[in-house]
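Subject: Structure handover

Hello,

Here is the structure I promised to pass on. Please open it first, then read my notes below.

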Amino acid sequence: MSDDWDTVTKIGSKVSGGASQRETVVRGKAALNAAQRSGNIIGTEKKFATGNPASKAGVEGQRLTKVDRSDDIVPVQKVNPEIGAAIRDRRSKDPYKMTQAELAKKVNAQANDIKTLESGQAIKNQALLNKVARVLKISPKTGKALDEEPAKGSSSKK
């Protein structure tokens with residue numbers, strides 16, 4: 001018997017009646033071995049309703065029913081090409097001028113992720129989009145600049 005939280009091992013017959021033994025839940029390996037030696041019927045069943053209310057059958061079943069009823073295929077959400085173009089334009093301008101690899105290093109991502117983000121072919125990854133927008137100081141939703149172009153030689157730090 002494994003110490004698995006998702007399974008229950010029961011000893012006894014599944015036939016209901018007055019003369020048969022009742023099913024009992026095994027609490028340890030010693031009880032399981034004793035039941036095997038005595039020749040009792042042993043069955044292992046998967047537990048479904050654990051302590052997490054989010055995994056209740058009713059909640060999951062409702063979501064699955066909704067998915068089953070939809071006949072059309074829902075496309076994967078991709079990054080708006082306008083935002084990709086805004087990232088590319090902002091990255092190529094002088095105060096923020098850097099390569100895709102340099103931007104990827106600043107946001108802790110792969111250079112290929114930046115490439116697909118700029119081309120508009122990337123699957124929408126809001127976390128990556130927010131990081132890139134923070135570095136380039138643009139809006140992650142519209143791609144518009146959040147600040148005016150800083151003057152050369154001036155510093156925004158105090």
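Which residues does leucine 103 touch, not counting residues up to four places away in sequence? The list is Ile87, Arg91, Met98, Ile114, Val132, Val135 and Leu136. Contact here means heavy atoms within 4.5 Å.

Two notes on the source. This is a predicted model, in which local features need pLDDT of at least 70 and side-chain atom pairs count only at pLDDT 80 or more, while totals for chains, interfaces and linings use all residues. Residues are numbered from 1 along each chain as its sequence is written, and side-chain values use heavy atoms, with hydrogens and water left out.

**Overall layout**

The chain has 6 helices and 3 strands. From the N terminus, the order is β-β-α-β-α-α-α-α-α. Helices (H or I, at least four residues) and strands (E, at least two) are DSSP runs, numbered from the N terminus. Of the 158 residues, 21% count as buried. Buried means under 20% relative accessible area, exposed means over 50%, and partly exposed is in between (1.4 Å probe, protein chains only). Take contacts between residues at least 6 apart in sequence: 57% of them join residues at least 24 apart.

**The core**

The largest nonpolar core has 17 residues. Such a core is a set of buried Ala, Val, Leu, Ile, Met, Phe, Trp, Tyr and Cys residues joined through side-chain atoms within 4.5 Å. Ile87, Leu103, Val107, Ile114, Leu117, Val132 and Leu136 touch the most other members. Helices α3, α4 (100-106), α5 and α6 each supply at least two residues. The largest share, 5 residues, comes from α6.

**Helix α3 against helix α6**

The axes of α3 (residues 81-92) and α6 (residues 126-136) come within 11 Å and cross at roughly 35 degrees. Axes are lines fitted to C-alpha atoms, for helices over the stretch in contact, and angles run from 0 to 180 degrees between N-to-C directions. From α3, the contact uses Ile83, Ile87, Arg90 and Arg91; from α6, it uses Leu129, Val132 and Leu136.

**A salt bridge**

How many salt bridges are there? The count is 1. The rule asks for a side-chain nitrogen of Lys or Arg within 4 Å of a carboxyl oxygen of Asp or Glu. Arginine 91 pairs with glutamate 118, and their closest N and O atoms are 2.5 Å apart. Arginine 91 is in α3 and glutamate 118 is in α5 (residues 111-119), so the pair ties together parts 27 residues apart in sequence. Both residues are buried.

**Single residues to look at**

- Leucine 32 sits in helix α1 (residues 29-38). It is buried, with a relative accessible area of 8%. Its C-alpha is 8.4 Å from that of isoleucine 42, which is 10 residues apart in sequence.
- Alanine 122 is in the loop between α5 and α6. At 9% relative accessibility, alanine 122 counts as buried. Leaving aside neighbours within four places in sequence, alanine 122 is in contact with Lys78, Val79, Thr116 and Leu117.
- Asparagine 108 is in the loop between α4 and α5. Its phi is near 60 degrees, a positive value in a residue other than glycine. At 69% relative accessibility, asparagine 108 is exposed.
- Lysine 137 lies in the segment after α6. Its phi is near 55 degrees, also positive. At 36% relative accessibility, lysine 137 is partly exposed.

Most residues other than glycine have a negative phi.

Best wishes
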